[in-house]
Amino acid sequence: MKLLRLVPDHTSYPFMRWRRVSFPFSALASIICVVGFLVLGMNVGIDFRGGTLVEMQAKSGQADLAKIRATAGTLGIGGVEIQGFGNKADVLLQVELQPDGEQGQKRVVDAITSTFGKDYNLRRIETVGPRVSGELVRDGTIGILLSLVAITIYLWFRFEWQFAVGAIIATAHDLVLTIGFYAISRIHFDATSIAAILTIIGYSLNDTVVIYDRIREMMRKYKKMHTDDMIDQAVNSTLSRSVITHVTTTLALVGLAVFGGEVIRGFTIAMLFGVMVGTYSSVFIAAPILIYLGVRTDGRTAPEPEKAEKRAGKAPAPRAASV
């Protein structure tokens, strides 16, 4: 029986040729994301700003957002954000943090329950106080920073320093683009978003380590092959695995985004974006950056052959054919 091949054998796509496009593109995208974060800020959920979240479903099958908004304005509970989601019956209310703490939060829940309880099923009620939200911000930030430190230490011992630096740059690239995606798309940034960021970092790093392992193996096997050709061959040899992993992960995330409900929708959308960015950075950032960091097929840190020969006043030697 013939096995299914998602990527044909002996594929030799010249990925390294695209580094002159991918690097400027990633730099521009990173700048846009940083500007978006600084100008727009994060659309933080109640996990980080505190407040009350109520998910309701109309018993009639049709939620009247205008009427809900007008009624909520008369309750004296401060600012209320109201938005529909899912089908026409579902509506989400987010009430700002009350000045009198837990008593104020309880008053909000009682007011919404007594006002909307007849016409709507209250499916979910969450309240977060200012102390808890502050702790979540602090703990989430510390968690991300500690994960990056742990990754750096692991890579430093796992590979030569050029590989470690390349993986760190690719990981930082994914982190910046993911945070920028949250800022620009206005998806709620909450506790699940921290989990999404850490998962994206792990996914991207796993892809990068697989490619780096193959590159290091090729460096020992083909010592006279040109660096560009060797990295291209290493990336192509892991392409089938990358495609299978990317497709299966994407299918699972699409299912969660469609059927998982509002609670995890932000998480799954961010993960879909992160999977694409992580795969892209592993191939078009982490791999080609080794060329600029001076990695050669013999394992020594030195300039690329063409540059070294030009400085010596010699014509560049022809590239060795790919094996």
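Buried residues account for 42% of the 323 residues in the protein chain of this predicted model. Here, buried means under 20% relative accessible area. The chain exposes about 17100 Å². Carbon and sulfur atoms supply 64% of that area. Twelve helices and four strands were assigned in the chain. Contacts were also sorted by sequence separation. Among those between residues at least 6 apart in sequence, 76% join residues at least 24 apart.

The four strands form an open sheet. Their order is E2-E3-E1-E4, and the pairing is antiparallel. Strand E2 (80-84) and strand E4 (120-128) lie at the edges, and each pairs on one side only. Neighbouring strands of the sheet are turned by 15° against each other on average, direction ignored. Helix H3 (residues 65-72) packs on this sheet. H3 touches strand E1 (51-58), E2, E3 and E4. The direction of H3 makes about 170° with that of E2.

The pairing can be followed strand by strand. E2 and strand E3 (residues 90-95) are joined in the antiparallel sense by five bridges. Within this pair, glutamine 83 has leucine 92 of E3 as its bridge partner. E3 also pairs with E1, again antiparallel, over six bridges. E1 and E4 run antiparallel and are joined by eight bridges. Valine 54 illustrates both of these last pairings. It stands opposite leucine 93 in E3, and it stands opposite isoleucine 125 in E4. Seven of its eight residues are buried, so E1 is largely enclosed by the rest of the structure.

Helix H9 (residues 239-259) was examined for its length and its faces. H9 has 21 residues. From its first C-alpha to its last, H9 reaches 30 Å, close to the 30 Å expected at 1.5 Å a residue. Which residues of H9 are buried? Leu239, Ser242, Leu253 and Ala257 are. These four cover an arc of only 75° around the axis, so they lie on the same side of H9. An α-helix has 3.6 residues a turn, so residues three or four places apart point the same way. The other side of H9 carries exposed residues, Leu251 and Phe259. Exposed here means over 50% relative accessible area.

Conventions:
Residues are numbered from 1 along each chain as its sequence is written. This is a predicted model: local features need pLDDT of at least 70, side-chain atom pairs count only at pLDDT 80 or more; totals for chains, interfaces and linings use all residues. Side-chain values use heavy atoms; hydrogens and water are left out. Two strands pair if DSSP finds at least two bridges between them. Helices (H or I, at least four residues) and strands (E, at least two) are DSSP runs, numbered from the N terminus. Axes are lines fitted to C-alpha atoms, for helices over the stretch in contact, and angles run from 0 to 180 degrees between N-to-C directions. Contact means heavy atoms within 4.5 Å. Buried means under 20% relative accessible area, exposed over 50%, partly exposed in between (1.4 Å probe, protein chains only). The expected span of a helix is 1.5 Å times one less than its number of residues. The arc is that of the directions from the helix axis to the C-beta atoms. Accessible areas come from the Shrake-Rupley method with a 1.4 Å probe; for residues, only the protein chains shown count as cover.
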